[in-house]
Amino acid sequence: MPNLPQGVRVVAGLGIGPEEIAYVRSFVRCFPGLSRHELTATVCEHLGWLTVAGQPKMGAATKVLAWLEEAGEVDVPALQSRYSHRGARRAVRAPTGPWMLPQRPVRCELPQLGPVRLRWAAGAEEQARWNEAMGRFHPLGYKKPFGYFARYFIEAGEEWLGGLLLSGAAK
């Protein structure tokens, strides 16, 4: 943001000046019963902190409110425990078993394999097998992804070649 007016800072991509700070301070005072989420969404709407699609810039506004709280400008409502993050995601451990893991590396030319296909890991048992394979063979192991995702086996004939995970982008 070139040529910012006097006293305006850019925090998380949003221009914050004395007027915005005064507005947030008065809004928090007028509506002390709002949750942190409600406060953030409403401030975004009122100050025009919206994406091109018209959605509130919640991530940036959360950072701005944290910055204002740290600077002693506002008292943001406490995070409600029922909505707080429970900590780092645990690695998912599936029962181990030989099932269809390759006994030897597959070493041949692609045409010799025959048709290669993706097969959706349907049902709890196949999903557990997929998780186990990723835990054993992926360099980073396996941790359950968040949001929507789908697991696929990569196969050729009776050979298991690998796995594929498709998931939505975080942002």
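Biologist: What is the strand order of the open sheet of three strands?

Modeller: This is a predicted model, with residues numbered from 1 along each chain as its sequence is written. Local features need pLDDT of at least 70, side-chain atom pairs count only at pLDDT 80 or more, totals for chains, interfaces and linings use all residues, and side-chain values use heavy atoms, without hydrogens and water. Strands (E, at least two residues) and helices (H or I, at least four) are DSSP runs, numbered from the N terminus. Two strands pair if DSSP finds at least two bridges between them. In the open sheet the pairing is antiparallel, and the order is S3-S4-S5.

Biologist: Which are the edge strands?

Modeller: An edge strand here pairs on one side only. That describes S3 and S5.

Biologist: Which residue of S4 is the bridge partner of tryptophan 120?

Modeller: S3 (residues 116–120) and S4 (residues 149–156) pair in the antiparallel sense over five bridges. Arginine 117 stands opposite glutamate 155 in S4. For tryptophan 120, the partner in S4 is tyrosine 152.

Biologist: How many bridges join S4 to S5?

Modeller: S5 covers residues 159–167 and runs antiparallel to S4. Isoleucine 154 stands opposite glycine 162 in S5. S4 and S5 form a hairpin with two residues between them, and glycine 157 in the turn has a positive phi of about 60°. The number of bridges joining S4 to S5 is eight.

Biologist: Which residues does leucine 68 touch, not counting residues up to four places away in sequence?

Modeller: Contact means heavy atoms within 4.5 Å. By that rule, leucine 68 touches Ile21, Val24, Glu73 and Val74.

Biologist: How many disulfides does a search of the whole structure find?

Modeller: A disulfide is a pair of cysteine sulfur atoms within 2.5 Å. Cysteine 44 counts as buried because its relative accessibility is 0%. Cysteine 108 has a relative accessible area of 38%, so it is partly exposed. The number of disulfides found is zero.

Technical notes: Buried < 20%, exposed > 50% of the residue type's maximum accessible area, 1.4 Å probe, protein only.
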